[in-house]
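Trainee: Let's walk through this one together. I'll ask, you answer.

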Amino acid sequence: MPTSPSFHAPGDAARHELLQSVVDVARAIFGAAASSVCLLDEEADELVFQAVSGEGEAFLVGRRFPAGRGIAGWVATSGEPMVVDDLSRNTSFDRSLAESTEYVPDALMAAPLISESRVLGVLEVLDPSPQARSGVRELDLLAMFARQAAAALRVLAPHAAATGGRGLEGERREDALELLGSLERLLRGTG
């Protein structure tokens with residue numbers, strides 16, 4: 001299936017490294033069982049797992065699902081973050097979709113990846129620690145992290161087009177990864 005025009009070849013090592021860093025850091029910060037980034041493929045109207053940390057990381061990357069399904073679909077469509085403490089009581093939660101991923105969470109946090117007023121995808125944190133999902137502050141932190149990840153993705157995308165899809169090299173690649181590292185230190189309170 002075609003990929004979104006905003007992004008380039010799935011083999012783009014810099015993009016993969018960036019997204020894997022995003023999900024690894026989000027999982028650690030929020031004490032979660034898993035974290036994932038799904039990017040929007042506008043042509044196919046699907047969300048595509050691009051990076052996964054924790055439960056499902058061995059087999060979910062590349063998996064697609066309709067962009068309007070589940071909480072990730074709602075977040076992508078609305079452009080708004082969401083926290084759900086009890087998924088068994090939430091009507092937006094698509095249990096069959098979760099079961100197909102072989103991990104059904106009890107709670108989740110999700111935030112859109114927005115750059116230049118455009119939703120690029122969704123960052124999800126599955127089964128975050130109860131303290132991590134306790135309030136608006138934590139949801140704001142996740143949304144801020146998602147915005148920074150989207151900004152870093154936008155830095156990668158135009159440069160990849162200019163270099164034939166090879167992504168960032170050298171100093172620019174390090175700058176994009178440092179952006180995420182700085183945000184991680186800020187979120188952990190060590191910055």
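Mentor: Start with G79, which follows α2 and has a positive phi, near 75 degrees. Helices (H or I, at least four residues) and strands (E, at least two) are DSSP runs, numbered from the N terminus.

Trainee: What ground rules apply to this model?

Mentor: It is predicted: local features need pLDDT of at least 70, side-chain atom pairs count only at pLDDT 80 or more, and totals for chains, interfaces and linings use all residues. Numbering runs from 1 along each chain as its sequence is written, and side-chain values use heavy atoms, leaving out hydrogens and water.

Trainee: How many helices and strands does the chain have?

Mentor: The protein chain has 5 helices and 6 strands. Along the sequence the pattern reads α-β-β-β-α-β-α-β-β-α-α.

Trainee: And what share of the residues is buried?

Mentor: 51% of the 191 residues count as buried. Buried means under 20% relative accessible area, exposed over 50%, partly exposed in between (1.4 Å probe, protein chains only).

Trainee: Back to α2. Which residues are buried there?

Mentor: G70, I71, A72, G73, V75 and A76. Their cover includes β2, β3, β4 (82-84), β5 (108-115) and β6.

Trainee: Which α1 residues are buried?

Mentor: A14, R15, L18, L19, Q20, V22, V23, V25 and A26.

Trainee: New topic. How many aromatic pairs are there?

Mentor: The structure holds 1 aromatic pair. F49 and F65 form it: tilted, 5.8 Å centre to centre, 50 degrees between the planes. F49 is in strand β2 and F65 in strand β3 (residues 64-66), so the pair ties together parts 16 residues apart in sequence. Phe, Tyr and Trp rings (for Trp, the six-membered ring) pair if their centres lie within 6.5 Å; planes under 30 degrees apart count as stacked, over 60 as edge-to-face, the rest as tilted.

Trainee: Is F49 buried or exposed?

Mentor: F49 is buried, at 8% relative accessible area. F65 is buried too, at 6%.

Trainee: What does V48 touch?

Mentor: V48 sits in strand β2 and touches V37, C38, L39, D41, G62, R63 and R64, not counting residues up to four places away in sequence. Contact means heavy atoms within 4.5 Å. V48 and R63 are 5.7 Å apart, C-alpha to C-alpha, and 15 residues apart in sequence.

Trainee: Last one. How many cavities of 30 Å³ or more?

Mentor: 3 cavities. A cavity is a set of points on a 1 Å grid over the protein atoms alone where a 1.4 Å probe fits but cannot get out; lining residues have an atom within 4 Å of a point. Points are joined across faces, edges and corners, and the volume is the space filled by probe spheres set on them.

Trainee: What lines the largest cavity?

Mentor: 22 residues, with F49, A98, T101, E124 and L126 nearest its centre. Elements giving two or more residues to that lining are β1 (34-41), β2 (46-54), α2 (70-78), α3 (95-100) and β6 (118-126).

Technical notes: On a 1 Å grid over the protein atoms alone, a cavity is a set of points where a 1.4 Å probe fits but cannot get out, and a pocket is an open set with protein on both sides within 12 Å along at least five of seven lines; lining residues have an atom within 4 Å of a point.
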